[in-house]
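The sequence and the structure are shown first, and the description follows.

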Amino acid sequence: MVTTELLAQERRARLAAQRLLEQKQEELFSANSKLAKHAHSLSDEIIEKRNEADELKGENIQVRSDLKVATVKAGIAERRLWDSIETIQDGFAVFDANDCLVSANAAYLEAFEDLEEVKSGVSYVRIIHFLVEEGIVDTEGLTRAEWSDAMLSRWHTNPIEPKTIKFWNGAYIKLVDRRARDGDTVSLALNITDQIRHEAELTKARAKAEAANRAKSAFLANMSHEIRTPMNGVVGMADLLTDTELDEEQNLYVETIKNSGEALLVIINDVLDYSKIEADKLTLKETVFDLEQCIHEVVMLLQPAVQDKPVNLLIDYDMFMPTEFVGDPGRIRQMLTNLIGNGVKFTSEGHVLVRVVGLNSGDGGKTRIHITIEDTGIGIPENMVDHIFGEFNQVEDERNRKFEGTGLGLAITKQLVSLMGGEIWVDSVEGEGSSFGFHISLAATEPDQALLGQSLETMRKVLVVKSQHQGLTILLKQLAVLGLHIECIDHLDDLSTVDLNGFDLAMVDPRATGESGVDPISILKNNVNDLPLVLLTDCHSDTVKGLPDTPVLKMPVGRRHLFQVLEKIDQALEPIDDASTEFQEPSRSEGEIITTVGESLELEPTQDQRKMRILAAEDNKTNQLVFRKMVKHLDIELQFANNGVEAVAAYLEFRPDMIFMDISMPEMDGKEATRTIRGIEAEEGGNSHVPIVALTAHAMEGDDTEILASGLDYYLTKPLRKAAITEKVLEAVPEFVLPVLESEAIAS
Ligand code: ADP
């Protein structure tokens, strides 16, 4: 048993040992194969790393060689940069973030010549110190400390304002300093001595030129004054001569003298205007005026110039635009006269069209008004377009030479447009025509479209008896715009052939008598009967007598005024209204377009009345004569004074009802004489105030203000006109004196 058991035990132990061995062998095998795998991947990695290391080695060699090249290049670039900086005449320096000089060019360092310390590393504070202490800069009135402080506090601002400093030798250096991104500061020291010298020379030259210009303007203004005075004699006497009995030849001479005189005055006025604008003496007025009416008036005044050529003068006024604006109508009329006048002058056939368009400018509710004057005339060569706006400039060629002119019109117009804050321009094609345009912004006194859609209640059909008057074309258009049906006849004597039934109105130009020379009044009286009548006339024609209570429409007429006249008639067409009463008291407030014929201003004389007394103070004997002749038709007592002293004495003795006062007179001028007279009036107490009218050749803008400030009531410019003097006298006739005009004289 023991042996068997021992054998079994040994066998079991051997089997167990064998199994353990097998297990360990397996484990070893698996560990081996793992190890082999790892060894394999390690060797792959080693190969890879070796490859990478080889690559890096190659790259390193490349980088090293690139670095070498780059260093060489940077060296060259830096050398070039500094070579360039060295060649510039101006100073250049760079300071580091601690305000120490990094580098500076020779021009910068030159100012510090022998100062060894001024080199790379020196601080900005030391540089400023050397500048003042070594007397390199002229501190221009500041103490050294003040100057240094100012320079250092400037240096610490960001950005640093440029500063011009002056050197001891008179050189001017402009310092321009900029902060760089890394805290450096780049400094430029620009030598602007030449520029400063040039500017000083320019300032001096400009002052000299302005002085010369002022002298020229003053000379022109004086000359025009000097010329106006004798022209008063020439034009005034010629005017008076036309009132005397003259044969045809004499009439021609007188008319020529008058027309030449008037033409000369136009030139003088142009020259005067230009010198006024140049001398900044022109101020713009601000009054309410009717722009459309203003344009019509200018066009009508220019009508005679197109009478003998096939040129149509047309107006196209924006229907949506108001017509009443606030501005300077006198100056706007002047601009329009220049531009439309040129259109008429340089156009031999075709048309001159004035186009007016309004836009809402947004400038305080102002309307931006564009006015263009388009003609089909000779045109302007392209290279002359700017030239013609200069003073005294004209196109100098064959076609232009035959036209007269001063070459000032456009220059004045341009100045006036820019004074009104606008612009002027021209488009032109030589041989085809020109279009001059300008825009200005004016405040309207009424809303847009105020006049649009106006219509008349009852009136439908209008008969127009027209002469050849050109303004009628415009009138007919205006009537058509109002939706009226118009029929025209050319002659008054055809009136009897027309059936007037069905017409609501007859508008008659009494000059439409054709060849027959019939009496217009009797024809109208015999034919028109109950039909409302409007007489058409213009500022040149005599008033028609013999048809009382008939409205007279003075052409040219703007839409507004035409509508007002027609509206009154329209209202009277209502059966309930009495048509005749509408016109018994015509309105005189709206620009005087309606006048009633046959009106009499005659006053009833009484026994103890005396004649009106007029004192005229005038030193020039010829002008005294002219004045005497101009008031010859007035029944007045006239006395002359030769200067202001005499005028004051005459005022006390003669006690005039009115005084005409020349302004420039020897001993005491008109302004002083007036002040003295006003002083006497004040001393005497009471309400006496003798009307004093200034007579002057001084036409400079602003003169009137000064004259009126001296106590004068009105202002008349020489040459004197009979009509203007008469008007002023009539305005001043006191109640208690005898009538100064015969009733016939009033009506004529
Ligand atoms: P003036 O007409 O008195 O010569 P302006 O200053 O009004 O002076 O005009 C200057 C010049 O511009 C004219 O002489 C003319 O040569 C040219 N010009 C002006 N307007 C026109 C136009 N509508 N058509 C052709 N040329 C014109």
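## The two sides of helix α12

On the face of α12 that is turned away from its buried side lie the exposed residues Lys525 and Asn526. This assignment, like every other one in the report, rests on a predicted model.

The helix spans residues 520-527, and its buried residues are Pro520, Ile521, Ile523 and Leu524. Because these buried residues fall within an arc of 165° when α12 is seen down its axis, they line one face of the helix. After α12 comes Asn529, a residue whose phi is positive, near 50°.

## A patch of negative charge

Elsewhere on the surface, Glu110, Glu113, Asp114 and Glu116 gather in a patch of negative charge. One of these residues, Asp114, is found in the loop that runs between α2 (106-110) and α3 (124-133). Asp114 counts as exposed because its relative accessibility is 69%, where the cut-off for exposed is over 50%.

## A nonpolar patch

The surface also holds a nonpolar patch formed by Met319, Phe320 and Val481, which together have about 260 Å² of accessible area. Within this group, Phe320 has its place in the loop between β8 (311-317) and β9 (324-327). With a relative accessibility of 47%, Phe320 counts as partly exposed, since that class lies between the buried limit of under 20% and the exposed limit of over 50%.

Technical notes: Residues numbered from 1 in each chain as written. Predicted model: local features only at pLDDT ≥ 70, side-chain atom pairs only at ≥ 80, totals over all residues. Heavy atoms only, no water. Patch = residues over 30% accessible without salt bridge, like charges linked within 9 Å, V, L, I, M, F, W, Y side chains within 5 Å. Areas by Shrake-Rupley, 256 points an atom, 1.4 Å probe, with all protein chains shown as cover. Salt bridge = Lys/Arg side-chain N within 4 Å of Asp/Glu carboxyl O. Lys, Arg positive; Asp, Glu negative; His and termini not counted. Charge placed at Lys NZ, Arg CZ, Asp CG, Glu CD. Helix = DSSP H or I, 4+ residues; strand = E, 2+ residues; numbered from the N terminus. Buried < 20%, exposed > 50% of the residue type's maximum accessible area, 1.4 Å probe, protein only. Arc of directions from axis to C-beta.
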